[in-house]
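Please review the model shown below.

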Amino acid sequence: MTATATRPPKQDTPARRAARGKQARDTLVLMLPALVPVLLFSVGPLLYGMALAFTDAKAGRNVTYSFIGFDNFTRLFEDSDFWQSMLVGLIWAVSVTVLTFLLGLGLALLLNEKLRFRGVGRVLAVVPWAMPPVVIGLMWRLVYHADAGILNGILGTEIDWLADFTFVLPAIILMGVWSGMPQTTVVLLAGLQNVPAELYEAGKIDGAGTWQRFRNITLPQLKPVIVAITSLDFVWNFNQFTLVYVLTQGGPGGRTRLPMLFAYEEAFRYGRFGSAAAFGLTIMVVVLALLGVYLWRQMREASS
Amino acid sequence: MKRFSQYVALAAYMVFLAFPLAWLLSTALKTPREMASTDPAWIPDDPTLANFTAAFTEQDLVGAAVRSLIVALASALLTVVLALPAAYAMARIRGALSRVATGWVLVSQVFPFILIIIPLFMVLRNLELTNTLAGVVVVHVTFTLPFALWMLQGYVRAVPRELEEAAAVDGAGRLRSIVSVVAPLLAPGVVATLLFSFISSWNEFLFALVVLKDPDVMTLPLMLARFTGPEGVARLGPLAAASLMATIPSLIFFAIIQRRLKSGLMAGAVKG
């Protein structure tokens, strides 16, 4: 109270204002090279894209298009392919995120132990991350190949994994987990290494077992990292395109047509730009809403 | 007993992570005749490098690799040149603009690509840049810029401000102190960002798919994706070989930054 009272009032002298003006100018000059492309090629198109959602824009040059209000949305919501794609997208994103997290946590805990071969493990755990997504998709095509693939060889089955209505979704989820695990593992491992060792020592002295130490020390300490990486994984997975496009192109019968594949087809195969933009906007709202609820719950838990 | 089960679990993880890779390698070393056999084996009967040479002659993969190299180099250089001054401003000068920039970097991770790519495609079409490598470079720079900015400003922050102040006391102007004090300390960070941008562009598929339509301008990932088709198993060998070769640049990149990854570069990404 007294501190604030005795502090000299901030005077807006001309010199101070000039200094501030110069600083703002410096910032602007330094920012400009990055700002121009971002505004021109990201922010501008993004706003334009949102506006397109309310028009009947089509592919093709010099096509005139007009404002049609919410028609794109109502037509989308009546389209069963749209709902199928959203459902597939949710199943895919939730399963891949949850499985990636659980498997990644397990691997991170192992790599955090003083085990032999853990160097090899760490290198191998990063390799999928280093591969181009197209190559990952092609590689799993070879694994799932009905005749020349190894999976049928191992299991002694004769299933055409990528053409089978029942197996195709689990098949792509397995690939998603494989390719997402490295990053999640590395992030969780870094989180584990930041947990102060004293906490574990204190836990040991208090007689806490391995499981109790994991539950009461590791998990709470890791919480912020877990929330961050699962949120990011979910968004990335929901917006996934390349892996699945290369592996199945959305088939068979749309069983693996993730939202982004649907949007891509809508825009660049059928040329319905307006409708695809409406779809993109819908996705964005859905993702932000799910993310918002998740983060809000986590924060409420943390504060209580 | 506990140790033992831990080793079993670790081994299981290694098998899961390694088996698709091993299969890719095995396929790349098989002869077409063996590929056609109905009972695929892990170890090729008659290992051959013919698939690798076949990959070079097939479908202009070399040309595609050269184009990918050009696009990736141009994107990486342009990204860093554009991002460096802004990263410096974000790290050193507090202000509304810096905060907005940081916010944009975070927000840009959430947007579905389709909202941006359609209008961006229309812009590129008006600029006559569709179906050109320059068009792909523009798109790659645009989408790598946020993360590159974020990476670089972290590196700028790591350079102690006191060093710059000391340089100022010694009579160096701001530009002078940046060039002779900050730049040398920043070099490793700049290299890391260059590599990151290079790999993002080298690996990128979707935007290239939208922008490039003619086979004679396609980048390597597009060419590889076109490789498979209804032609049957005979071409799987060269495909596997080409896939392996396309992975080499990223593998080198990850080998270089391995230590940084472990020491928490990415951990910083989430703890922000």
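Within chain B of this predicted model, confidence is lowest in helix α13 (residues 265–271), at a mean of 37, and highest in helix α10 (residues 206–211), at 93. These values are pLDDT, the predictor's confidence in each residue, from 0 to 100; helices (H or I, at least four residues) and strands (E, at least two) are DSSP runs, numbered from the N terminus. As the model is predicted, local features need pLDDT of at least 70 and side-chain atom pairs count only at pLDDT 80 or more, while totals for chains, interfaces and linings use all residues. Residues are numbered from 1 along each chain as its sequence is written, and chains are lettered from A and ligands numbered from 1 in the order in which they are written.

**Confidence**

- The pLDDT is below 50 over residues 262–272 of chain B, and beyond near neighbours in sequence this stretch has 17 contacts in the model; two residues are in contact if their C-beta atoms, placed from the backbone, lie within 7 Å.
- Chain B has a mean pLDDT of 83, with 91% of its residues at 70 or more.
- For chain A the average pLDDT is 86, and 95% of the residues score at least 70.
- For the complex, the predictor gives an ipTM of 0.85 and a pTM of 0.86.

**Overall form of chain B**

- Chain B comprises 13 helices and 0 strands.
- The radius of gyration of chain B is 23 Å, whereas a compact globule of 272 residues would have one near 19 Å; the quantity is taken over C-alpha atoms, and the globule rule is 2.2 Å times the number of residues to the power 0.38.
- The C-alpha trace of chain B spans about 75 × 65 × 35 Å along its principal axes.
- Of the 272 residues of chain B, 42% count as buried; a residue is buried if 20 or more other C-beta atoms lie within 10 Å of its own, exposed if 12 or fewer, and partly exposed in between, with C-beta atoms placed from the backbone.
- Among contacts in chain B between residues at least 6 apart in sequence, 75% join residues at least 24 apart.

**Contact between the chains**

- The contact takes 72 residues from chain B and 79 residues from chain A.
- Helix α1 (residues 2–28) of chain B supplies the largest share of the side of chain B that touches chain A, namely 13 residues.
- That side of chain B has 55 nonpolar, 15 polar and 2 charged residues; Ala, Val, Leu, Ile, Met, Phe, Trp, Tyr, Cys and Pro count as nonpolar, Asp, Glu, Lys and Arg as charged, and the others, Gly among them, as polar.

**Two helices in detail**

- Helix α9 (residues 174–203) of chain B has 30 residues, but its end C-alpha atoms are only 38 Å apart, short of the 44 Å that a straight helix would reach at 1.5 Å a residue; the expected span is 1.5 Å times one less than the number of residues.
- A kink of about 55 degrees lies at Ala183(B) in α9(B), shortly before the proline Pro184(B); the bend at a residue is the angle between axes fitted to the seven residues ending there and the seven starting there.
- Buried residues of α9(B) include Val181(B), Val182(B), Leu186(B) and Trp202(B).
- Helix α6 (residues 133–144) of chain A has 12 residues and reaches 16 Å from its first C-alpha to its last, close to the 16 Å expected.
- Because 12 of the 12 residues of α6(A) are buried, this helix is largely enclosed by the rest of the structure; among them are Arg141(A) and Trp140(A).

**Backbone and individual residues**

- Most residues other than glycine have a negative phi, and most peptide bonds are trans.
- Glu128(B), which is not a glycine, has a positive phi of about 60 degrees, and lies in the loop between α6 (113–126) and α7 (133–158) of chain B.
- Glu128(B) counts as exposed because it has 10 C-beta neighbours inside 10 Å.
- Asn131(B) is found in the loop between α6 and α7 of chain B, and its phi is near 65 degrees, a positive value in a residue other than glycine.
- With 16 C-beta neighbours inside 10 Å, Asn131(B) counts as partly exposed.
- Val107(B), in helix α5 (residues 96–107) of chain B, is 39 residues from Pro146(B) in sequence and 9.5 Å from it in space, C-alpha to C-alpha.
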